Amino acid sequence: MKKLGLLAAVVLGAMSTPALAAWDTIGTVDFDRGGDKARAYTNFGGPVERLSFAVTSNDVECRRVTATFNNGKTRKIFEGWIRRGSIATVDLPGNERTVRRLDFDCAALGRREARITIGAELGGYRDVWMRNPAWSNFFPRPPQGPGPGWGPGRPGRPGDDVDGWVRLGRESFEGRRDREAVFTGWAGRNVDAIGLRAANGDAQCTRVRVTFGNGRTRDLDIGNRGVLRMGDFRRIDLPGRERNIRSLDMRCRPVGDRQVTIQAFARK
């Protein structure tokens with residue numbers, strides 16, 4: 001593994017429950033064998049003390065993992081190998097602890113696909129995550145170590161208006177083929193960001209298009225190849241200065257199941 005200097009303090013070791021007693025799983029990113037190496041993760045519910053990247057299925061080599069913080073600055077926080085059964089623990093540089101996005105430039109090594117499980121040490125920021133509508137029901141019990149059931153727990157049930165987020169509607173997608181649905185409950189609402197959540201299963205969206213009040217449209221990148229994991233709350237910051245939304249057009253399908261429901265939220 002390469003030396004990281006001041007980029008991050010990284011510890012690699014075999015997985016063990018005691019070592020991760022204070023960690024929560026917040027999401028995953030997948031890498032195809034010999035395929036596209038770029039992946040993004042944007043599902044954060046608040047600030048974090050540290051991050052961890054765990055690999056169980058295959059070795060992974062990362063040229064870089066870049067964090068985009070809430071102040072708009074970006075910083076490379078990790079580079080190197082993560083061997084199967086090991087965890088990379090990353091101390092964030094500087095004083096900024098609110099991460100908006102992680103960009104992974106990594107590749108699976110060997111003959112199988114690889115998955116990086118992202119963990120977060122929340123520390124004193126746990127209350128902030130609990131106030132987030134997508135995560136408020138994820139922390140009813142102490143965090144667990146890796147293995148069956150490791151992670152924040154069952155999917156949360158956001159309210160209609162919690163901590164600045166308003167639930168605007170839900171659509172059901174069925175069958176193996178992509179199906180289009182339009183969320184029209186925006187009524188020209190001015191919003192800062194859009195939130196999407198797959199309520200009862202995994203979903204993959206090949207298109208998420210917003211129509212603004214002036215009639216212009218814009219395709220949004222939701223990251224992770226368009227995959228929404230069950231219970232994940234994906235925040236999407238709107239590009240440009242236009243904030244008056246007329247509708248949200250989505251083309252999605254369930255992954256592995258016959259039906260999935262996606263909820264749409266707006267942040268005031």
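Select the lining of the largest pocket and colour by residue class: you get 11 nonpolar, 7 polar and 10 charged residues. Here Ala, Val, Leu, Ile, Met, Phe, Trp, Tyr, Cys and Pro count as nonpolar, Asp, Glu, Lys and Arg as charged, and the others, Gly among them, as polar. Bear in mind that this is a predicted model, where local features need pLDDT of at least 70 and side-chain atom pairs pLDDT 80 or more, while totals for chains, interfaces and linings use all residues. Numbering starts from 1 along each chain as its sequence is written, and side-chain values use heavy atoms, with hydrogens and water left out.

The pocket has a volume of about 590 Å³, the space filled by probe spheres set on grid points joined across faces, edges and corners. On a 1 Å grid over the protein atoms alone, with a 1.4 Å probe, a pocket is an open set of points with protein on both sides within 12 Å along at least five of seven lines, and lining residues have an atom within 4 Å of a point. Strand 8 (99–108), strand 16 (217–219) and strand 18 (233–237) each give two or more residues to the lining, and strand 18 supplies the largest share, 5 residues. Strands are DSSP runs (E, at least two residues) numbered from the N terminus.

Next, pick L51, F53, I77, F78, L102, F104 and I116. In the largest nonpolar core, of 31 residues, they touch the most other members. Such a core is a set of buried Ala, Val, Leu, Ile, Met, Phe, Trp, Tyr and Cys residues joined through side-chain atoms within 4.5 Å, buried being under 20% relative accessible area with a 1.4 Å probe, protein chains only. Apart from this core lies another, of 27 residues, including L168 and V260.

Move on to strand 4. It is largely enclosed by the rest of the structure, because 5 of its 6 residues are buried. Six-bridge pairings flank the tour here: 6 bridges join strand 4 to strand 7, antiparallel, and 6 join strand 4 to strand 9, also antiparallel. (Pairing takes at least two DSSP bridges.) Find V55 opposite S86, and S52 opposite G119.

Last stop: G119, buried at a relative accessible area of 0%.

Note on methods:
Helix = DSSP H or I, 4+ residues; strand = E, 2+ residues; numbered from the N terminus. Buried < 20%, exposed > 50% of the residue type's maximum accessible area, 1.4 Å probe, protein only.
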